[in-house]
Structure formats: C-alpha cells, structure tokens
Amino acid sequence: MTSQLNSLADVVAAKLRAARRAAALTGAGVSAESGLATFRSGPRALWRDHRPEDLATPQAFARDPRLVWEWYRERLQRAAGVEPNPGHYALAAMAQRVARFTVVTQNVDGLHERAGSPDVIELHGNVRRARCVRCDARVPAPLEGALPPTCACGAMLRPDIVWFGEALPEGVFEKAYEAVASADVLIVAGTSAVVHPAAGLAEVAKSAGGFIVEVNPEETPATGLCDVCVRAPSGTFLPLVVERI
Ligand code: NAD
C-alpha cells in the first residue's frame, strides 16, 4: 500500500510541478481527520434523529428556526474546537509551490483558511458567519446567547450557509468554474460528488483538458472522470505529494 501511494504521489507531484494553474475541489471528507463528521458517512451522520438534508433547508428554517440554529451552533462549536489536519496543510503548502492554486470547497468549517490556503472559494458559505434575513448584513455567528439571534436592524439572523434548494451566492460559482476550467491539475478530495452544482466542477475541469486526481477512500460518481484515483485519506496522501513537488 505504502509503495503504491508513493508512486501515485510521484505522478501527481510531477503534474503539479509542470502546472501553471491547479485547483482542489474539497468536501466534508477532508475535514474528517480533524474530527468533524461528514454528511452521509459514519455513525454520527444523524443529529437528534434528524437527517442533515432535513435541517439544511429554507423550509426547515421557516418551520423551526431555533432547531436549525441549535444544529448550526453545535457545528460552529465543533469547528471552533478542532484544528486543520495534514490534508488541509498540504493543500496550503501546494499554493506556495504552484504559481496559482485555488481551493474550491463545499465545506463550511473554515479549516482551509485556518491552515493558510491563500485562495479559497467557499461554495456553501461558512458556519462562522450569520446573515440578516432582512437587510442582508453579515456578522460573526454568535457562539452563545438566545436562538435565533437577531440583527441590529431587529430582524432574525440566519446561518450564512447555502442550503439545499438555494442558489449559490452571486459570482461564486463563476469564480469556481473559472478556477477549475483553467486548472492543469484538479485534485478532488473528500467529496461524495453528489451535491450539485459543485459535483459538476470535476466534469468542467476534465472537458477543459485538466488532469483529475481523486483522493477518497471510496469510489464516487466522479471516479470515472479521474486520471488517477487514490484510495486513501487525504491527510495521508496529500502530504506525500507536497514532499515531492
Ligand atoms: P459527503 O459527506 O457527502 O462525502 C464525504 C466524502 O468524503 C465521502 O465520499 C467519503 O468517502 C470521503 N471521505 C471520508 N473520509 C475521508 C478522508 N479522510 N479523506 C478523503 N475522503 C474522505 O460530503 P460532501 O461531498 O462535502 O457533500 C455534502 C455537503 O456537506 C456539502 O454541501 C458540505 O457543505 C456539507 N458538509 C460540510 C462539512 C464541513 O464543513 N466540514 C461537514 C459535513 C457536511
């Protein structure tokens, strides 16, 4: 296994050395080794008997804003209580070695930025922010206090997260599209590649002639697009690549 991972790391590092531009598309799996639960895998996937898909929606918030806020507050507290792992740090290090390196993430935990990645596009928002449902002001999500919290204007705040069924913030998908379409190498790490439009970005990179590397212990719908599939945790494999660039 180790020698196989080393040879795959040699291949990926050589591609990155030759790349003018590269990108990573990441998902919840990249933060699993920091101790954060992924959406669909693992015994902790349910929260108080609710499926995440039933909480992360505008309908759930309209029905019971306090319940939805309680879930996000718990996620915020968990995210604040963990550290980036070697996978996050390896992606940050790649940005020092490749002329342009963009991380496009579906994660809302802020760990890529905390690890030092300089160019991060957050497709789905960030648990550390809240947004006013009336005046659109963005403020840090409160770690304590009554829920749901209120804005200075008096209206309710909501988590600054893109929920199922909502559009991405204006311009964000376009930036992500541009980053992956112009990437000579795209690393797809820790995503089940089923949430759209993020899942379509691997296809965009492939059609534009990019070299696609999947890092995931399991197969995904994106596996068929990949030039290299690495069946290992991102925190194990990505540092091996950095050592070789
Ligand atoms: P997902 O839970 O659907 O899939 C996680 C994937 O990561 C799986 O394919 C799994 O095999 C893989 N994986 C698990 N451990 C791994 C590891 N150590 N290294 C590499 N891969 C590993 O997550 P998703 O694809 O990101 O999509 C679901 C949605 O979940 C996204 O919209 C995202 O916003 C949200 N989400 C974010 C967080 C976070 O911010 N940390 C956590 C949970 C869910």
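This report walks through the overall build, the nonpolar cores and the aromatic pairs of a predicted model.

## Overall build

Let's start with the whole chain. The protein chain has 245 residues, and its radius of gyration is 18 Å. A compact globule with that number of residues would come out near 18 Å, so the chain agrees with a compact globule. Along the principal axes, the C-alpha atoms fill a box of roughly 55 × 35 × 30 Å. The secondary structure comes to 9 helices and 9 strands.

How much of the chain is buried? Of the 245 residues, 52% count as buried.

## The largest nonpolar core

Now for the inside. The largest nonpolar core holds 33 residues, and the members that touch the most others are Leu16, Met94, Phe101, Ile187, Val213, Val230 and Phe237. The elements that give two or more residues to this core are H1, strand S1 (21-26), H5, strand S2 (100-105), S7, S8, S9 and H9. Of these, H1 gives the most, with 6 residues.

Leaving aside neighbours within four places in sequence, Ile187 is in contact with Leu16, Ala23, Ala24, Leu25, Met94, Val213, Val215 and Leu238. Apart from this core lies another one, of 23 residues, among them Trp47, Trp69, Val108 and Ala130.

## Helix H9 and its partners

Helix H9 covers residues 234-244, and its buried residues are Ser234, Gly235, Phe237, Leu238, Leu240, Val241 and Val242. What do they pack against? Their partners are helix H1 (2-18), helix H5 (86-97), strand S7 (185-189), strand S8 (211-215) and strand S9 (228-230).

## A cluster of aromatic rings

The model has 4 aromatic pairs. In one of them, the ring centres of Phe61 and Trp163 are 5.3 Å apart and the planes meet at 40°, so this pair is tilted. Phe61 belongs to helix H3 (residues 58-63), whereas Trp163 is in the loop between strand S6 (157-161) and helix H7 (172-181); the pair therefore ties together parts that are 102 residues apart in sequence. Are these two residues buried or exposed? Phe61 is buried at 7% relative accessibility, and Trp163 is buried as well, at 2%.

Trp163 also pairs with Tyr72, and that pair is tilted, with 6.3 Å from centre to centre and 40° between the planes. Because Tyr72 lies in helix H4 (residues 65-80) and Trp163 in the loop between S6 and H7, this pair ties together parts that are 91 residues apart in sequence. Tyr72 has a relative accessible area of 4%, under the 20% cut-off, so Tyr72 counts as buried. Taken together, ring pairs link Phe61, Trp71, Tyr72 and Trp163 into a cluster.

## Charges over the rings

Two arginines sit over rings of this cluster. Which ring does Arg158 sit over? The charged end of Arg158 is over the ring of Trp163, 3.9 Å from its centre. Arg75 lies over the face of Trp71, at 4.7 Å from the ring centre.

Note on methods
Residues numbered from 1 in each chain as written. Predicted model: local features only at pLDDT ≥ 70, side-chain atom pairs only at ≥ 80, totals over all residues. Heavy atoms only, no water. Phe/Tyr/Trp six-rings, centres within 6.5 Å; stacked < 30°, edge-to-face > 60°. Helix = DSSP H or I, 4+ residues; strand = E, 2+ residues; numbered from the N terminus. Buried < 20%, exposed > 50% of the residue type's maximum accessible area, 1.4 Å probe, protein only. Lys NZ or Arg CZ within 6 Å of the ring centre and 35° of its normal. Rg over C-alpha atoms; globule rule 2.2 N^0.38 Å. Contact = heavy atoms within 4.5 Å. Core = buried A, V, L, I, M, F, W, Y, C linked by side-chain atoms within 4.5 Å.
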